[in-house]
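Subject: Structure handover

Hello,

Here is the structure you will be working with. Please open it next to this email and follow along.

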Amino acid sequence: MAGDQEQFQQLLTGLLSVDNKIRQQAENTYDQIASETKFQLLLTNVVNRTTTEDARTMAAVLLRRLLTTNFDEVFPTLPTEAQAQVRAQLLASVQQEEDSSMRKKLCDIIGELAHNMIDDEGNNKWPEFLQFLFESASSQNIAHKEIALTLFSLVPGVFGNQQQQHLGMIKAMLTSSLADSGNPPVQALAVKATAAFILLHDNEPNIQKNFGDLLPQFLQIIANSIQAGDDDALLKCLVDLAESCPKFLRPQVETILQLAIKALPDTNVGDGWKHLLLEVVVTLAETAPAMVRKAGAKYMNTLIPQMLNMMTDLDDEEEWSVSDEQAEEDNDSNSVVAESSLDRLACGLGGKTVLPHINATLSQMLQSENWKCRHAALMAISAVGEGCHKQMEVMLPQIVDAVIRFLQDPHPRVRYAACNAIGQMATDFAPVFQKKFHEMVVPGLLLVMDDGVNPRVQAHAGAALVNFSEVCPKNILTTYLPTIIAKLEGILAAKFKELMECGTKLVLEQVVTTIASVADTAEEKFVEYYDRFIPCLMYIIENANSNELRLLRGKTIECVSLIGLAVGAEKFLTDAGKMMDLLLKAQTNQEDMADDDPQVSYLISAWARICKIMGKRFEPYLPLVMGPVLKTASLKPEVALLDNEDMNAVDGDDDWQFVSIGEQQNFGIRTAGLEEKATACQMLVCYARELKEGFADYTEQVVKLMVPMLKFYFHDGVRTAAAESLPFLLECAKIKGPQYLAEMWQYMCPELLKAIETEPESEVLSEHMYAMAKCIEVLGMGCLSNEQINELIRILDKSLKEHFERAVKRQEQRKDEDYDEVVEEQLLDEDDEDVYVLSKVADITHALFAAYGQHFFPFFDALLPHFVKLLGSDRPWPDHQWGLCIFDDVIEYGGPACDKYTDHFLQALLGFVTDKQGEVRQAAAYGCGVLGQFGGPAFAPVCAQAIPLLVQVIQSPDSRSEVNLNPTENAIAAVTKILKYNASAVNVDEVIPVWLSWLPVWEDTDEAPHVYGYLCDLIDNNHPLVLGINNANLPQLIAIFSEAFKREALEKESEVTKRMLNIVRQLQANPEMFQACVSQLSQEQQVALHQYLTSGGPSSPSTT
């Protein structure tokens, strides 16, 4: 049947049927036909001009798809002569085709075939195609020219490794076609072809420069298309170039800005075109900000007011403010597009360029009688806070003064916009905003929250209070707590009544979120208000079961769980159990809930919070909650592979995101559900961290879920959670025995290594590397085979090489013609990212040294040149810091065997002790300390050499300032360790009185035990220089101890603390002397000493 042409044509007709049943039947039949047979049948129908137009069109679409998806099955299997015949047949058909639409579809087929005719080495196996291309391009026949340009657009890389010799001909073809003003369709296709060629060479500046002289004509054709308003595809080409090849456009940046400035106010230009022009400008501001600042700054005084004017394009909707639904933004409206563009422009170009032009227009708009101008001005303040942060921060008093009065504007939408601006500033400028303006902001927002007539405005004031509260310093918020609580309690009661009587819920949904945020910040201060809210909130959870109340119930679940975390287990525990029973009674698993039910994500987060509160007592609930959490965490996103033509059908669908993965291919993912998936993964981390061995039975299932998600490239949060979970899961699994643990690690390790090597985002890469370090720490020596260690070393070697290469690249960028201070800020941000990754390299080497000690040296040697390079005098200080940290580990875990590396680190270690950068001094001082503690007698002379350098650091005039305190205390600890462990070349008695004068220490809680432990040693040994003549130093020693206790320098249960208290208690045996010591203490020191004595075990009666 399938071989019969007539029947196949009937099948094509069936595939086009509007009757679902007929079409489905035809699709099933089509799917059964073998690919080779399909190819022949489809080709015959495509080239046969007697076939109906619809059937030919369908055959052409299917043939192109077949070549895209099954090329290897259908074409290379044909005999060589048959292949040549097919190619010739297609070229002849497209040349003879009279119908322009069919001609385009034939070009799509030929383009796909040509694309596959280039092998991996760049050899073109279809030379006739190249000849056809040039002949068609130079033809007098317009249709033939169009064919050439269309084909070149589809496969701009068709010349393969022969391109260089054809570059002149390619440029000539494009130049003559762009200049063909008598044939606008040819010019339009030439624009697309030029763009496709440049995009293919987005990383080849020489080619871009060579083709730069095509730009003026290229842009003129686009300008003509804007005026004609007939095909926005050309303007979309410009957007693509702005995104991928901004430097290509540099010579014509002014022309592009002029194009935008001319079109934006033009009423004859459609909104869609204006949006695309803004997209071009904004994209350039993002991809080449320095270029736009330099070449386009003078146009900002026109462009920015035009954007602000677009933001006033709002509809008068009388019912807007009284609606009980959240305001839905129309992402295609002028106001929303302009606001988003202004936000991106500010982030791209920075406040120095953008803010003056906004300020110049804003005051006039705020004074306008037209509510739309006032609304736009306030929304603009919201939009540019992030991008203009530095410049706006110094102007905040004037800005807040201007905005706050609009909370009482006569128009509800202006009041809404004022709430929006305050909420956004509360986030962008936290906590400065909260500290400086709380006296105006809190009463102002509470006043708007009384606006029960306009629920949208009332709810937005509540949302702004959330933004204000969640980053507000606790001591500030608590001063307003009685007022805020009274207001929220009143609104909750009133809106709960409204819900029961009228079914309105918008403000109620918001107020429960606001209560949660206030409780979250107030923490234990919320305890006294707990009973005023919980009964009503629990009632909502129990009874809000209808579909339209799902969001309210979800937010209320979130609210109660956050209140529980705020007030703590003691207050919440009874209600925590009740709440869990209530939630699980309503649905024992997620099967009862739709996948898009908004409650799901709230439930999953709430369970994790309750787990944190209940601890081990949460374990009985695990079997009931794990189903829904695992189901959400296991969500597989819907993905699609679409060609450019299919893309048009889904263009503008906000649920999908697409990336181009080739000349004609686009990979898409449906984003719905991804945030919920990430949340569920993070909650699994929480269960593993909190419940430890109580989570052991789920480790296998969770590991099998998490490990593959190390490469879940659709969402950074999912990959981060997957990495973070691994060391916790290993801890949980320890109770299952060594074999279970080893098998789990052998499943994790290879995938974690691959993920570290391939991770594209530096933030996520850091998490992966940290996870590897923590896993090694959990498992200890022997967890990695030699092969795995070598693989890890290879990955670290690559990471370190890239670290140095990126530093060189940043230096090159500083020589760029468009380099300026804002570029420098961005380069410093990149530098910080790079240093963070370097710190994770150090974490991994630390873990390996901690696990393997000097057995790691042979592997370490492969990386040694990089670590030595980090210490070079030409490197920036963070390189010195982390290089020292790595050699500190060499000393600490290698012990005396570290002497094999002394030529590489010793001089640097001593030299950096007095470095001007605190972090470097700290790392060097720590290194001197571990050299004393672990280096052994051979290093005694070096330790003696280090002492005067350390003394210099400790006794410098500002050594105890906040920024220097940690390095100084590390230096004190280093001297301590040398005196205690490696003092054979040091005059100890000369140093001890000076050392004692440096105490107390309190900031570095890791080093404090060494210092106080040594002090206890000296006291226990009755060292005369410490105790003084006739014990004259005892008051000083008790003062040192008491200050350490006051500052919580030591853990209460630590051995050193017990020794210190024991010494104090021995002194208590002489009440008179003890009282003399205590009387010289401050009140706070006396209280601290008393608390430690009374809580630190059995003690004599204290006289404090």
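Thr-51 counts as buried, at 7% relative accessibility; buried means under 20% relative accessible area, exposed over 50%, and partly exposed in between, using a 1.4 Å probe and protein chains only. Thr-51 sits in the loop between α3 (35-47) and α4 (53-74). Helices (H or I, at least four residues) and strands (E, at least two) are DSSP runs, numbered from the N terminus. Setting aside residues up to four places away in sequence, Thr-51 touches Gln-9, Asn-45 and Arg-56, where contact means heavy atoms within 4.5 Å.

Some notes on the source. This is a predicted model, in which local features need pLDDT of at least 70 and side-chain atom pairs count only at pLDDT 80 or more, while totals for chains, interfaces and linings use all residues. Residues are numbered from 1 along each chain as its sequence is written, and side-chain values use heavy atoms, with hydrogens and water left out.

The whole chain

The protein chain has 54 helices and 3 strands. Its C-alpha trace spans about 120 × 75 × 60 Å along the principal axes. Of its 1104 residues, 55% count as buried. Among contacts with a separation of 6 or more, 71% are between residues 24 or more positions apart.

Two annotated spans

UniProt positions are given in the numbering used here, feature names are shortened, and annotations may be inferred rather than shown by experiment. The unreviewed UniProt entry gives "domain: Importin N-terminal" for residues 26-96. That span is 83% helix and 0% strand, and its end C-alpha atoms lie 31 Å apart.

Helices and buried residues

Phe-8 is in helix α1 (residues 5-15) and counts as buried, at 1% relative accessibility. Apart from residues up to four places away in sequence, Phe-8 touches Tyr-30, Ile-33, Leu-41, Leu-42 and Asn-45.

Helix α6 (residues 100-116) has 17 residues, which at 1.5 Å a residue should span 24 Å; its end C-alpha atoms are 25 Å apart, which agrees. The expected span is 1.5 Å times one less than the number of residues. Of the 17 residues of α6, 12 are buried, so the helix is largely enclosed by the rest of the structure. Among the buried ones are Met-102, Leu-106, Ile-109 and Leu-113.

Ile-304 lies in helix α17 (residues 300-310) and is buried, with a relative accessible area of 0%. Ile-304 and Ile-358 are 54 residues apart along the chain, and their C-alpha atoms are separated by 6.7 Å. Ile-358 is also one of the residues that Ile-304 touches, including Leu-342 and Val-354, when residues up to four places away in sequence are not counted.

Core and aromatic rings

In soluble globular proteins, nonpolar side chains tend to be buried together. A nonpolar core is a set of buried Ala, Val, Leu, Ile, Met, Phe, Trp, Tyr and Cys residues joined through side-chain atoms within 4.5 Å. The largest one here has 399 residues, of which Phe-618, Tyr-687, Phe-695 and Trp-995 touch the most other members. Leaving aside neighbours within four places in sequence, the contacts of Phe-695 include Leu-622, Met-626, Tyr-687 and Leu-729.

The whole structure holds 31 aromatic pairs. Rings of Phe, Tyr and Trp (its six-membered ring) pair if their centres lie within 6.5 Å; planes under 30 degrees apart count as stacked, over 60 as edge-to-face and the rest as tilted. The rings of Phe-433 and Phe-468 have centres 6.4 Å apart and planes at 70°, so this pair is edge-to-face. Phe-433 is in helix α24 (residues 432-448) and Phe-468 in helix α25 (residues 455-470), so the pair ties together parts 35 residues apart in sequence. Both Phe-433 and Phe-468 are buried.

Backbone exceptions

Most residues other than glycine have a negative phi, and most peptide bonds are trans. A cis peptide bond joins Ala-430 and Pro-431, with omega about -5°. Another cis bond joins Leu-999 and Pro-1000, with omega about 10°. Glu-523 is not a glycine but has a positive phi of about 50°; at 37% relative accessibility, Glu-523 counts as partly exposed.

Regards
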